Amino acid sequence: MVETVVGCKWSLTVYQLIANDINRPGEMVRNVEGLTTKVLNTCLKKNTDFGILERIAYNEVPPRVEYNVTDFGGKFIKILDALQQLQDEISEDINLSS
């Protein structure tokens, strides 16, 4: 699961967008250069299948869909943040010893 999610280079970007209250796919594509609708939809589906994100479809015309982080997703993202912090510390230590 971790490899699949982290292996998608857009997953972390999607988490940041949702954290900044950008949770609709169209908004996401407009806010990130190089992100296509097809790639975003694949990324969102994987994250939804793993229970990291939840998809909320509103019964409106035109249709509106939003994505939010689940409780599990919040825990998962905290782990990713901790890994990033550890990586930053390791990089800093390597740079100091060089």
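Reader: Which residue meets R64 in a salt bridge of 2.9 Å, N to O?

Author: In this predicted model, R64 lies within strand β2, which covers residues 64–69, and the side chain of R64 takes part in a salt bridge with E60 at 3.0 Å, N to O. The salt bridge of 2.9 Å, N to O, is formed by R64 with E66.

Reader: Is E66 buried or exposed?

Author: The cut-off for a buried residue is a relative accessible area under 20%. Because the relative accessible area of E66 is 13%, E66 falls under that limit and counts as buried.

Reader: How many salt bridges does the structure hold?

Author: The number of salt bridges in the structure is three.

Reader: Why does D49 count as exposed?

Author: A residue counts as exposed when its relative accessible area is over 50%. D49 is therefore classed as exposed, since its relative accessible area is 55%.

Reader: In what sense do strands β1 and β2 pair, and over how many bridges?

Author: Strand β1 (residues 53–58) is joined to strand β2 (residues 64–69) by a hairpin of five residues. Within the pairing, L53 stands opposite V69, and the bridge partner of R55 in β2 is Y67. The sense of the pairing is antiparallel, and the number of bridges is six.

Reader: With which residues is I56 in contact, leaving aside its neighbours within four places in sequence?

Author: I56 lies in strand β1 and counts as partly exposed at 24% relative accessibility. I56 and D81 are 25 residues apart in sequence and 25 Å apart in space, C-alpha to C-alpha. Leaving aside the neighbours within four places in sequence, the contacts of I56 are R64, V65, E66 and N68.

Reader: Which side chain is joined to that of N23 by a polar contact of 3.4 Å?

Author: N23 has its place in the loop between α2 (11–19) and α3 (25–31), and with a relative accessible area of 14% N23 is buried. Leaving aside its neighbours within four places in sequence, N23 is in contact with I18, M28, V65, E66, Y67 and N68. The polar contact of 3.4 Å joins the side chain of N23 to that of N68.

Reader: What is the area of the nonpolar surface patch that includes I94?

Author: I94 has its place in helix α5 (residues 71–97) and is partly exposed, with a relative accessible area of 49%. The patch is made by I79, L83, L86, I90 and I94, and its area is about 460 Å².

Reader: What pattern does the protein chain follow when read along the sequence?

Author: The secondary structure of the protein chain comes to five helices and two strands. The C-alpha atoms fill a box of roughly 60 × 30 × 20 Å, taken along the principal axes. Read along the sequence, the pattern of the protein chain is α-α-α-α-β-β-α.

Reader: What share of the residues of the protein chain count as buried?

Author: The protein chain exposes about 6800 Å², and carbon and sulfur atoms supply 52% of that area. N23 and E66 are among the buried residues. Of the 98 residues of the protein chain, the share that count as buried is 29%.

Conventions: Residues numbered from 1 in each chain as written. Predicted model: local features only at pLDDT ≥ 70, side-chain atom pairs only at ≥ 80, totals over all residues. Heavy atoms only, no water. Helix = DSSP H or I, 4+ residues; strand = E, 2+ residues; numbered from the N terminus. Buried < 20%, exposed > 50% of the residue type's maximum accessible area, 1.4 Å probe, protein only. Polar contact = N/O pair within 3.5 Å; in protein donor to acceptor, adjacent residues only side chain to side chain. Contact = heavy atoms within 4.5 Å. Pairing = 2+ DSSP bridges. Patch = residues over 30% accessible without salt bridge, like charges linked within 9 Å, V, L, I, M, F, W, Y side chains within 5 Å. Areas by Shrake-Rupley, 256 points an atom, 1.4 Å probe, with all protein chains shown as cover. Salt bridge = Lys/Arg side-chain N within 4 Å of Asp/Glu carboxyl O.
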